[in-house]
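Here is a short report for a first look. Please view the chains below before reading on.

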Amino acid sequence: MKQYQLTTQGVWTEIKQVELTEEQKTLLMSKEDSDRQAKESLIETIKSQRTSEVDASKSNELISLYDSKKPELKESDSYELISADVFENFTGIINCRVNGEHKQIRF
Amino acid sequence: MATYFKGETNHIGQNLNNTWSDLITNESFIEAVSSVIPPAPPELLGTSYVFVYANGTDTENAAELQSAYDTAKTMSPSPTNRITIIASPGYYNFGSTAFTMEVEYIDLVSLDGNRSIIFNSANAAGTIAVTGNDIYVKGVDVGTKPFTVASHQSLLKVENCKGGDYSFGFKSNDDITVNGTFIDCAGGNYSFGVSQNGTPTRVVTVSGVFTNCIAGDFSFAYAGAGTAQASGTFTNCKSGTDSFGIDWFYGFGVASGVFRNCIAGDYSFGSYSGTASGTFYECEGGDETFGTGGTCSGVFYSCVGGNKSFGNNNGLTGSLTGKIYWCKKTAGTFQTVSGLGQTRMCLDGTNVENNQG
């Protein structure tokens, strides 16, 4: 099931699986010093492939969902998003802080 | 039921002064004995429950439980008509086939509330597999076998149950989400949300509610290589090393939930270059815990970490941008805070008070 994440306001990403070739797997398991640089480079590549920005249409859907689920705030309230994790069936959890107090909203 | 001894005359006038081999082949005797053995109890059920006597052998008990479950399925379970199977204390041997609870609104509870529904098959496959969503299970002990639950069961509630390694949400190589409620449960290593291998990279999300739960190493959101997020609510939970939001390989582990009075071993709570962004009350970790080598951006109250904990120090890279109140390191010093980071009334490994930011 696809999973979307928000850790920075307004920027929804999809968490993706990264397929690895047999060669890459072997490199990742290598403990040889000579492979170290290539291994680090591969890990950075995997990191960059692990998430991708969602398209505008999906982003709008997720923003609407998030806005409808996040806590109602008074004008003086401070709000800090930790993360919102949403599955493609629109279930998920929001972790945030309101006035320094941790809140969790499951939906 | 009367008891007769050898040499006595029984209630049908037989003299029992003969050998046991004579007796067990004597039709009159067999008839007499059969007449006083109580018949098998009738199936006991109400409009909302089915009772399991468990007065046979372990395999007979298992068959009776399966039969009760099959009966419950015929009772039109629904959100407004939950059916509860009440199982008596005893051993249940399912051999090499799991007892599978796939139908919603059918619950299983032990008669006494204890872990007294004991699955004693020596075969690891003879365990329980809860695959439906809205199900309540209480009092099941599968020993060292895995207590199997499926992914994405937000309405699942498991209470006072015990399994071995690979329990309560485990995949050897697949994504998994554990978002149900678990109370007083115990598992072994690789329990409560684990994807052990990562080819391709896997996503582990543990966003449920966990209270008084215990596991071994590599538990509560652990990915061998992938993304592991401990984003739920964890209260009085205890685990071994490499637990609570750990991606061992890439550093994609995140502990973003609420943790109260939780204890873990080394390399836990968003370690291995991960992130500890949640809120932690009176938690305790070993060395390299709480966002070590990555980002320690959460809020911590009265927590204890070992060497290189709370972001990093002593040779590892990482950042301390969170708020650390009344916390203690058992070894090493606190690193310099950055951003909005603060430490207040904290003690380092040599009991020197630390206040920054």
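Predicted model: local features only at pLDDT ≥ 70, side-chain atom pairs only at ≥ 80, totals over all residues.

Residues are numbered from 1 along each chain as its sequence is written, and chains are lettered from A and ligands numbered from 1 in the order in which they are written.

Start with the interface. Here 20 residues of chain A are in contact with 21 residues of chain B (C-beta atoms, placed from the backbone, within 7 Å). On the chain A side, α2(A) supplies the largest share, four residues. Helices (H or I, at least four residues) and strands (E, at least two) are DSSP runs, numbered from the N terminus.

The largest nonpolar core has 94 residues. Such a core is a set of buried Ala, Val, Leu, Ile, Met, Phe, Trp, Tyr and Cys residues joined through C-beta atoms within 7 Å. Buried means 20 or more other C-beta atoms within 10 Å of a residue's own. Helix α3 (residues 58–73) of chain B gives the most to this core, five residues. Phe244(B) is among the residues with the most contacts inside the core. Its contacts beyond four places in sequence include Phe220(B), Ala221(B) and Cys262(B).

| Residue | Phi | C-beta neighbours within 10 Å |
|---|---|---|
| Tyr190(B) | near 55 degrees | 27, buried |
| Phe310(B) | near 60 degrees | 33, buried |

Tyr190(B) sits in the loop between β14 and β15 of chain B. Phe310(B) lies in the loop between β28 and β29 of chain B.

Key
Contact = placed C-beta atoms within 7 Å. Buried ≥ 20, exposed ≤ 12 C-beta atoms within 10 Å, placed from the backbone.
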